[in-house]
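Student: I have a model open and I'd like to learn how to read it. Can you walk me through it, one feature at a time?

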Amino acid sequence: MAAVRVEEVLAAAEEQEAEKRRSVTVEKELELEFDLGNLLALDRNPPPAAGLRGAGPRREALLRALARDNTQLLVARLWELPAERAGGPGGPLAARLPEPAFRLPREKPPPRPRPPTRWEQFARLKGIRRRKRTSLVWDEQAREWRRRWGYRRAGGDPARAWLAEVPEGADPQEDQFARLRREKRERVARNELNRLRNLARAHRAGTAVPAAPLHPTGHQSREELARVTRVARVSTASLGRFQPRLPKEPAEPPSRGGGGRKRRFEPLLGNLAAERSRQLELLRDMGSKKPVLDITRAVNKQLRQEEAEAAAAKGKKQSQRGKRGRRQQRAGRSSKKSGARRQQQQQRPAGGGTGGSRKKKA
Amino acid sequence: LIYCYRKPKTKRAKRFLEKREPKLKENTKNAMLIKGGNANLTVTEVLKDIYAVKKPFAVLYKKKNITRPFEDQTSLEFFSKKSDCSLFLFGSHNKKRPNNLIIGRMFDYHVLDMIELGIEKFVSLKDVKNSKCPEGTKPMLIFAGDMFDVNEEYRRLKSLLIDFFRGPSVPSIRLAGLEYVLHFTAVEGKIYMRSYKVLLKKSGCKIPRIELEEMGPSLDLVMRRTHLASDDLYKLSLKQPKALKPKKKKNISHDVFGTTYGRIHMQKQDLGKLQTRKMKGLKKRPAEKSAEDGGVSPKKSKSA
């Protein structure tokens with residue numbers, strides 16, 4: 001009797017053991033997505049809605065089974081990561097996690113690089129580099145290494161300095177201690193002012209207010225005033241061309257690019273020969289039966305230019321095309337220009353003709 | 001710190017400000033757990049349990065604050081600025097919205113996203129009489145259900161929950177210490193949050209078999225109102241500075257078989273003077289002053 005029961009017990013125990021060592025594989029319809037850096041697993045499979053509807057232990061059991069499967073998959077992935085023994089051999093096994101892949105919003109915006117201060121600009125210009133200072137200085141009087149500043153500094157406590165020499169050329173009645181104190185106060189104030197100015201410059205650069213109104217208290221910088229006067233000048237109907245200038249104000253420098261291609265005008269009574277040839281060419285084009293614009297040639301050039309642009313957008317380097325490409329591009333562009341100019345010239349003679357006749361009458 | 005108009009006068013103040021200024025690699029997000037004007041027992045218990053889960057990176061406010069986050073966010077933003085917390089959980093209760101929980105996050109101390117969830121069922125940490133895992137364990141997060149991908153609000157909720165429960169970002173993790181798992185299931189308009197303790201059992205192979213034990217807070221949630229950030233604000237908050245992008249290593253290419261190739265540029269070599277294996281039979285004798293042939297070295301392409 002006892003033997004049978006023992007056998008039963010042993011069989012039951014063995015079955016339990018076998019169950020424990022069941023496979024660690026899990027079957028899923030859709031593969032899970034993993035982000036091991038965050039220890040995250042995303043399961044896209046729709047969960048069994050029917051089972052989860054009824055409240056109670058059955059739902060809990062279903063949820064737990066689902067969780068167990070998903071956790072098994074996640075742990076399997078984590079175990080595949082390269083692992084090493086942390087803290088030397090015999091330490092705990094630690095897996096090296098990859099960077100978290102799931103994009104989460106930041107807490108604060110990324111820090112903006114601040115513009116260099118006036119000293120930093122100067123130092124960069126001159127090539128001055130920062131020298132690392134030693135923290136201790138040799139004090140000759142005390143014959144030991146003392147701090148550069150602070151408690152028990154080298155050179156003695158400045159508050160206890162009992163002697164202040166009168167420098168040459170100074171008023172003998174002047175209080176030297178008062179002078180030293182005043183100068184220190186001035187230095188500190190100047191330093192603070194410069195720091196605030198650097199800060200204001202950085203702040204302005206950061207916000208970059210383009211049309212900033214004038215500062216209400218009147219403390220404008222020179223550049224800001226110049227900018228605002230320029231803007232005010234140009235906001236007239238004739239774009240500032242006939243605004244009177246102050247006696248010592250510099251004249252407006254000729255605008256960049258030669259005043260733009262469209263605002264360039266030839267002088268009225270200049271080159272008579274050029275004007276004559278231009279008018280004759282105009283009449284010739286008007287009289288000829290051949291169309292000025294060769295449609296097929298223009299279309300081909302346009303197509304070729306579009307192809308060239310597409311290729312450039314893909315990231316091909318300019319040098320690859322070499323001389324041929326450059327010649328093609330320039331040729332294409334010039335012919336396009338001439339075609340457009342010819343079209344314009346066709347329209348202009350309508351006005352030119354009447355203008356010419358008006359002139360004759362006058 | 002650079003933009004401070006008042007410079008800190010002590011080192012401690014300077015460290016305090018440096019901790020709070022925007023950085024390239026950010027700190028772990030802190031969460032603030034706030035009670036509303038009329039928070040009942042359930043909601044208070046929920047807040048206490050979540051605080052226990054998020055322990056070093058959370059602040060639990062004891063007093064009740066009479067605010068309505070969906071109408072006026074200034075109070076929340078003030079708290080966020082004072083305690084430097086960018087995640088918050090606000091619990092309240094009234095007849096219209098019983099057992100209400102508002103989970104949200106901030107960007108630059110302004111509210112980014114807020115989602116209101118209703119608690120239908122709650123099982124607390126102390127109701128479940130099992131052993132718990134140590135405080136500050138990094139939890140494994142699992143989201144089940146296609147709703148988390150299909151619906152925009154659920155997607156934001158998923159992102160919020162990951163942000164909330166993620167914990168500190170670590171380079172490596174002790175495999176035996178993976179004890180805690182938070183499982184979220186979205187089905188039929190409800191979200192079930194369950195926390196389990198993971199037991200790693202022996203299995204035939206290297207990967208252990210997982211057995212789960214119910215532990216910790218479990219919540220049945222239903223989504224109510226949402227206040228999501230506009231697309232461009234959200235995109236702005238996702239923007240990472242360029243310096244954090246991993247630098248691509250140049251000159252490395254792979255072929256179909258997995259071999260890695262790189263290129264080395266050598267100067268012109270005199271093949272006659274190359275050092276190769278010494279073959280005794282081919283050793284030049286002092287008498288022979290003819291052209292030496294000391295073994296031609298075949299050119300190999302380097303492979304790893």
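Tutor: Let's start with burial in chain B: buried residues make up 42% of its 304 residues. Buried means under 20% relative accessible area, exposed over 50%, and partly exposed in between, using a 1.4 Å probe and protein chains only. This is a predicted model, where local features need pLDDT of at least 70 and side-chain atom pairs count only at pLDDT 80 or more, while totals for chains, interfaces and linings use all residues. For bookkeeping, residues are numbered from 1 along each chain as its sequence is written, chains are lettered from A and ligands numbered from 1 in the order in which they are written, and side-chain values use heavy atoms, leaving out hydrogens and water.

Student: How many helices and strands does chain B have?

Tutor: Chain B has six helices and 13 strands. These are DSSP runs numbered from the N terminus: helices are H or I with at least four residues, strands are E with at least two.

Student: Which residues sit on the two sides of strand 8 of chain B?

Tutor: In a regular strand the side chains alternate between the two faces of the sheet. In strand 8 of chain B, one side carries Tyr180(B), Leu182(B), Phe184(B) and Ala186(B), the other Val181(B), His183(B), Thr185(B) and Val187(B), and all of them are buried.

Student: What does Arg194(B) form a salt bridge with?

Tutor: The rule for a salt bridge is a side-chain nitrogen of Lys or Arg within 4 Å of a carboxyl oxygen of Asp or Glu. Arg194(B) forms one with Asp220(B), and their closest N and O atoms are 2.9 Å apart. Asp220(B) lies in strand 11 (residues 218–227) of chain B and Arg194(B) in strand 9, so this pair ties together parts that are 26 residues apart in sequence. Both Asp220(B) and Arg194(B) are buried.

Student: Which residues are linked in a network of salt bridges?

Tutor: Lys29(B), Arg105(B), Asp113(B), Glu152(B), Arg155(B), Arg156(B) and Asp163(B) are linked that way. Within that group, Asp113(B) and Arg105(B) have their closest N and O atoms 3.2 Å apart. Asp113(B) counts as buried because its relative accessible area is 0%.

Student: How many salt bridges cross between chain B and chain A?

Tutor: The rule finds six across that interface. In one of these, Glu26(B) pairs with Arg106(A), with the closest N and O atoms 3.6 Å apart. Glu26(B) is partly exposed because its relative accessibility is 23%, whereas Arg106(A), at 2%, counts as buried.
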